[in-house]
Each structure stands twice: as structure tokens, then as C-alpha cells.
Amino acid sequence: MNYLNRYEDQTLNDVKPFDTLNPTVENFAEVIFNDLRYHSELIENNIILQKLEVSEGPTRTYIIINDDI
């Protein structure tokens, strides 16, 4: 998916909105979840984002579940 390419090989602090928003695992997960939830490529293919799990390491994971469905 092209959307995620903006983060590949980048420092999060240099990528919007993280140039002004602290790039914590929680903030990153929420931004990605909200962007993908309404991403036109997914909507056109009738795909619904149900769950997003972002891990910072083996002991720190942040999970968001879509309650809208």
C-alpha cells in the first residue's frame, strides 16, 4: 500500500504530523489507524480496518480496535 511508503526509511520527527506531534507509539498508532480507516484505496476495495497493533518492542504494544463496525 502506497500510504505506508511515506514512513519507510524516514525519521518520524521529519514526517508530518510528527514534525509537530510527539511520535510516541500511541500517537503513531492513532494517526495511522485514523488515516487508514478512511483511506480511499481501502474504501474503494470495500475493506474495513478492524484492528491495528503497533509494537515498539517485545514488551510494549499499542492496539486500537474499530468499534464502528
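pLDDT is the predictor's confidence in each residue, on a scale from 0 to 100. This is a predicted model, in which local features need pLDDT of at least 70 and side-chain atom pairs count only at pLDDT 80 or more, while totals for chains, interfaces and linings use all residues. Residues are numbered from 1 along each chain as its sequence is written, and side-chain values use heavy atoms, with hydrogens and water left out. The protein averages a pLDDT of 82. A score of at least 70 is reached by 93% of the residues.

**Confidence by element**

- Helix α1 has the highest confidence, at a mean of 85.
- Confidence is lowest in helix α2 (residues 40–44), where the mean is 70.
- Where pLDDT is low, the predicted coordinates should not be read in detail.

**Fold and dimensions**

- The protein has two helices and two strands. Helices (H or I, at least four residues) and strands (E, at least two) are DSSP runs, numbered from the N terminus.
- From the N terminus, the order of elements is α-α-β-β.
- The C-alpha trace spans about 30 × 25 × 20 Å along its principal axes.
- Among contacts with a separation of 6 or more, 39% join residues 24 or more positions apart. A contact means heavy atoms within 4.5 Å.

**Surface and burial**

- The protein has 69 residues, and 26% of them count as buried. Buried means under 20% relative accessible area, exposed means over 50%, and partly exposed lies in between (1.4 Å probe, protein chains only).

**Charge**

- There are 5 positive and 13 negative side chains. Lys and Arg count as positive, Asp and Glu as negative; His and the chain ends are not counted.
- The centres of the two sets lie 3 Å apart. Each charge is placed at NZ of Lys, CZ of Arg, CG of Asp or CD of Glu.

**Salt bridges**

- Side chains of opposite charge can pair when their charged atoms come close.
- The structure holds two salt bridges. A salt bridge is a side-chain nitrogen of Lys or Arg within 4 Å of a carboxyl oxygen of Asp or Glu.
- One joins R60 to E26, with the closest N and O atoms 2.5 Å apart. This pair links distant parts of the chain: R60 sits in strand β2 (residues 60–65) and E26 in helix α1 (residues 25–37), 34 residues apart.
- R60 is partly exposed, at 35% relative accessible area. E26 is also partly exposed, at 26%.
- The side chains of E56 and R60 form a salt bridge at 3.2 Å, N to O. E56 is exposed, with a relative accessible area of 53%.
- Shared partners join E26, E56 and R60 into one network of salt bridges.

**Positions along the chain**

- D14 lies in the segment before α1. D14 is exposed, at 60% relative accessible area.
- D14 and R60 are 46 residues apart along the chain, and their C-alpha atoms are separated by 23 Å.
- G57 belongs to strand β1 (residues 51–57). G57 counts as partly exposed, at 27% relative accessibility.
- G57 and N45 are twelve residues apart along the chain, and 32 Å separates their C-alpha atoms.
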